[in-house]
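Thanks for coming. Please have the structure open.

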Amino acid sequence: MAANKKLLILPGDGIGPEVMAEVSRVIDWLDAKRRVTFEVSEGLVGGASIDAHGTPLTEETMAEAHSVDAVLMGACGGPEWDDLPFEQKPERGLLRLRKEMDLFANLRPAVVFDALADASSLKTEVVRGLDILIIRELTGGIYFGEPRGIEDLPGGGRRGINTQVYTTDEIRRVARVAFELAGKRSNRVCSVEKANVMESGVLWRQEVQALHDEEYPDLELSHMYADNCAMQLVREPKQFDVIVTDNLFGDMLSDEASMLTGSLGMLPSASLGPEDSSGRRKALYEPVHGSAPDITGKGIANPLASVLSFAMALRYSFELDEDAALIEGAVEDVLAAGLRTADIMQPGKERVSTAAMGEAITAAMDGRAG
Ligand code: NAD
């Protein structure tokens, strides 16, 4: 098969290169065994780019990110660069990628693998089989709205201001992603806001409902206030399939949902941009965790969040659902076989290194692929 699928790998800092090496192992496996061939380029981001080029993201790497089908990132940041001014910090590289690629839809699945169901802080029966997808609007809302700032008040004291603002287009484009993805899952979307106390929430609800009625009448749409959603996520999380919400509520609800699964080292994410005329979306896939400086270089980082992020890339950027499912199934297999990196270690299980976990994943893919 021709190499027409372009990937840019940005391993970044700390454990980023360690976990991304295991993603490369899976990519090589697909190339050899399934003949799914990727054209892979690699670049620097964050502290690694600062050290080499004096900037967290070079123009060349930014241009490369625009030109590929998907960017796979490890993580960036670390104590070496903590004293740099805010504008020059490693994290600015990631923020620039998100901004310039206009990655407005952040997808955070919360999936509980059977073998880890008892690692959740909730009762096993509440989370076993959980598979929900939170879609957070990422480029609008209160984190970006104007006016913003801190001002002095005439009579003394100060006032801090942020503005929650959403337009029809911003709401509809993220709701459209939610409806499209729900159509490939169990056809249910729950839209979350605070329409009871916020005008932006009233507009959010009206626009999501209108888009549903106009274009996705066959899907099931419900609306929920964000505070109730926070409560329902720990009371009965399996009632949800796809949740779509704004930047602020999504920030909190996706963190809350991810903890239902028990471990940071298991959590993938995707961020998608607008569709171009050929139907292609810019996209960046990365684990939710950071660069974990406390365990860097020890060979013990959990690579599964990065491997699962790559599976998301196969599904959302390349429509290779079967290969994505193969990887996810292999993760299920190695966990069921009792293999654990240190962060998810449980009594009676076998502790393995980052590389051994990667090897076990490709061995399990061998087993599944026959
Ligand atoms: P972190 O996610 O790096 O680590 C939090 C804890 O989880 C640590 O104890 C770490 O050892 C553990 N952990 C994280 N990922 C793991 C994995 N794959 N396997 C095993 N254990 C894992 O968060 P932090 O310590 O707050 O931040 C460290 C650095 O990472 C900071 O510079 C921060 O700015 C940066 N950061 C980057 C991103 C990103 O690149 N998207 C996200 C979060 C934090």
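**Backbone, sheet and helix packing**

D102 sits in the loop that joins helix 4 (91-100) to strand 4 (105-111). Helices here are DSSP runs of H or I with at least four residues, strands are runs of E with at least two, and both are numbered from the N terminus. Before I go on, this is a predicted model, where local features need pLDDT of at least 70, side-chain atom pairs count only at pLDDT 80 or more, and totals for chains, interfaces and linings use all residues. Residues are numbered from 1 along each chain as its sequence is written, and side-chain values use heavy atoms, with hydrogens and water left out.

Back to D102. Its phi is positive, about 55°, although D102 is not a glycine. At 26% relative accessibility, D102 is partly exposed. On this scale buried means under 20% relative accessible area, exposed means over 50%, and partly exposed is in between, with a 1.4 Å probe and protein chains only.

E319 is another non-glycine residue with a positive phi, near 50°. The loop holding E319 runs between helix 10 (304-316) and helix 11 (321-336). Is E319 buried or exposed? With a relative accessible area of 62%, E319 is exposed.

One more backbone point: the peptide bond from E146 to P147 is cis, with omega near 0°. P147 belongs to the loop between strand 5 and strand 6 (149-152).

Now the sheet. In what order do the 10 strands of the open sheet run? The order is 2-1-3-12-11-4-5-10-8-9, and the pairing is mixed. Two strands count as paired if DSSP finds at least two bridges between them. At the edges are strand 2 (38-42) and strand 9 (220-225), each pairing on one side only. On average, neighbouring strands are turned by 20° against each other, direction ignored.

Strand 11 (residues 268-275) pairs with strand 12 (residues 281-287) in the antiparallel sense, over six bridges. In that pair, P268 stands opposite P287 of strand 12.

Two helices pack on this sheet. Helix 3 (residues 59-67) touches strand 1 (5-12), strand 2, strand 3 (70-75) and strand 12, and its direction makes about 140° with that of strand 1. Helix 8 (residues 226-235) touches strand 5 (131-137), strand 8 (188-193), strand 9 and strand 10 (242-245), at about 105° to the direction of strand 9. Contact means heavy atoms within 4.5 Å. Axes are lines fitted to C-alpha atoms, for helices over the stretch in contact, and angles run from 0 to 180 degrees between N-to-C directions.

Last, the helix pair. Helix 1 (residues 16-34) and helix 12 (residues 354-369) pack at about 20°, with axes 9 Å apart. That makes helix 1 roughly parallel to helix 12, a term for angles under 35 degrees. From helix 1 the contact includes E18, R25 and W29, and from helix 12 it includes T354, G358 and M365. By class, this contact has seven nonpolar, three polar and six charged residues. Ala, Val, Leu, Ile, Met, Phe, Trp, Tyr, Cys and Pro count as nonpolar, Asp, Glu, Lys and Arg as charged, and the others, Gly among them, as polar.

R368 is also in helix 12, and R368 is partly exposed at 44% relative accessible area. Which residues does R368 touch, leaving out those up to four places away in sequence? They are L326, G329, A330 and D333. The C-alpha atoms of R368 and D333 are separated by 9.3 Å, with the two residues 35 apart along the chain.

Key
Parallel < 35°, antiparallel > 145°, perpendicular 65-115°, else oblique.
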